Amino acid sequence: MKVALITLGCAKNLVDSEMILGLMKDNNVSVTTNKKEADVIIINTCGFIESAKEEAISTIFKTLSEKEEHQKVIVVGCLATRYKNELTDEISEVDRFISIKEYPYFASIFNEVVKQDVLKEKMDHKHRLLSTLPHTAYVRIADGCDNRCAYCAIPLIRGNYVSRRIDDIVLEVKYLINKGVKEIVLIAQDTTRFGKENNESIEELLNKICQIDGLYMVRLLYLYPNDIDQKLIDTFKNNPRIAPYFDIPVQHGSNRILKLMNRRDTKEKIISLAKTIRENFEDPILRTTLIVGFPNETEEDFNELLDLIKEVKFDRLGVFKYSNEEDTLAYTYNNHVSEEEKERRYNIVMELQSKIAQELSKSKIGKTYEAIIEGYDKTKQMYFARSYAFANDAVDGYIYLRNVKNPKIGNIVKVKIVDALIYDLIGEIM
């Protein structure tokens, strides 16, 4: 039997896919990247915002239209969780929709679909088939969310925040490092909240991970701004293996809109936090995501957002156009912004950020960084690498390397920055 898996959505979804593939491998089920060869095609979907839902539905229908009669199609993930009943009724050609809540029973459900007793174990974080490059891996430290932001459907899909235990995570990190992983990327819907229900903490977890032999770097993604305090900052400072990379989705710069979003922070706190981080680190990276076109967002609110961007000067910045998600608090709000206006505001923010990013990139010229060689870009005909300043999610960009021939992928090298584009840097190996 052969299985092909299509993964959509975020890194947290990718971890689920890797556990599914690991389950296949542990039970001697072949995994293929060629859908035509597969007996079973699994689609791991995202259901977070409208564009993600559209991509998921499109992928399902495309897969169904191309499949052979003998092939089974199983749909899992966030879309399958959020709309399982509706999807089961409306797309009967899918052999089974499996919600996230059913993952503990994935093996028995899969066996039912294929009418064979092929899977005998459970999905396990420590038995994953990595789909990232061999030197980097995600480690999901918690699932769900308790923040209840007005626009967000994640709690509806993934439920309340549930942390894993530190000892279990440390075992997984040791397992990954023994497999050759050098960079560990900790992820959750909110990594700063980790462990609070278990009398554990993100600081305790970081301190234990940094003691593991063979670790080159640990990176945190998705830190809630209101929960970043001096204790966490000091933990970063005291552990040189922790990348001074602060991925802090702030969402907006207007206090009125932040309150409507049910966020716990304010514009003043965000500015103060950015200042504190830059005072504590020589060359930190600040990454954020924003939402434009939130219900009731006026031109004045939007201008406050632009003022925040100009003042903080985020190194990395992404923008979502507000998606009106049913069953969220914001879905009940009036005064929605038109799609045309969302697009206009989106373009203004991205144009502003490109100028800031280019200015910040130019400030790196002449500096030297350690970087992991990632691969070769056939279009640019250059190898590329990542320093701590670039996350492994292909969003931040890369350091492109001049005059390098056949370096070993995964090697750590010292790179001097000699030129800068808007988001990418140009470097030479020293």
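Modeller: Terms come before answers. Strands (E, at least two residues) and helices (H or I, at least four) are DSSP runs, numbered from the N terminus. Two strands pair if DSSP finds at least two bridges between them. This is a predicted model: local features need pLDDT of at least 70, side-chain atom pairs count only at pLDDT 80 or more, and totals for chains, interfaces and linings use all residues. Residues are numbered from 1 along each chain as its sequence is written, and side-chain values use heavy atoms, with hydrogens and water left out.

Colleague: Which residue of β9 is the bridge partner of R140?

Modeller: Strand β9 covers residues 183-187 and runs parallel to β6, with five bridges joining the two. In β9, R140 is bridged to I187.

Colleague: Which strands stand at the edges of the sheet, each with a single partner strand?

Modeller: The open sheet has three strands, in the order β6-β9-β10, with parallel pairing. A strand with a single partner has one side left without a neighbour in the sheet, so the edge strands here are β6 (136-140) and β10 (217-220).

Colleague: By what angle are neighbouring strands of this sheet turned against each other on average, direction ignored?

Modeller: Axes are lines fitted to C-alpha atoms, for helices over the stretch in contact, and angles run from 0 to 180 degrees between N-to-C directions. For the sheet β6-β9-β10, the average with direction ignored is 25°.

Colleague: Which helix lies across β6 and β9?

Modeller: Contact here means heavy atoms within 4.5 Å. The helix runs at about 100° to β6 and spans residues 11-26; it is α1.

Colleague: Is N147 buried or exposed?

Modeller: N147 sits in the loop between β7 (142-143) and α6 (154-158). Buried means under 20% relative accessible area, exposed over 50%, and partly exposed in between (1.4 Å probe, protein chains only). The relative accessible area of N147 is 9%, so N147 is buried.

Colleague: With which side chain does the side chain of N147 make a polar contact at 2.9 Å?

Modeller: A polar contact is a pair of N or O atoms within 3.5 Å; within protein, one must be able to donate a hydrogen and the other to accept it, and residues adjacent in sequence count only if both atoms are side-chain atoms. Beyond four places in sequence, N147 is in contact with D190, R193, Y224, N262 and R264. Its side chain makes a polar contact with that of D190 at 3.3 Å. The 2.9 Å contact is with the side chain of R264.

Colleague: The side chain of T191 reaches which backbone oxygen at 3.2 Å?

Modeller: T191 lies in the loop between β9 and α8 (202-209). At 0% relative accessibility, T191 counts as buried. Its contacts beyond four places in sequence include I141, Y161, L220 and L221. The backbone oxygen reached is that of L221.

Colleague: How much space lies in the largest cavity?

Modeller: On a 1 Å grid over the protein atoms alone, a cavity is a set of points where a 1.4 Å probe fits but cannot get out, and a pocket is an open set with protein on both sides within 12 Å along at least five of seven lines; lining residues have an atom within 4 Å of a point. Grid points are joined across faces, edges and corners, and a volume is the space filled by probe spheres set on the points. The whole structure has two cavities of 30 Å³ or more. The largest holds about 140 Å³.

Colleague: Which helix gives the most to the lining of that cavity?

Modeller: There are 15 lining residues, with R316, S361, K364, F390 and L425 closest to the centre. Three residues come from the top contributor (339-362), helix α13.

Colleague: What volume does the second largest pocket have?

Modeller: Its lining has 19 residues, with P240, I242, A243, P244 and Y388 nearest the centre. Elements giving two or more lining residues are α9 (230-238) and β14 (368-377). The volume is about 400 Å³.
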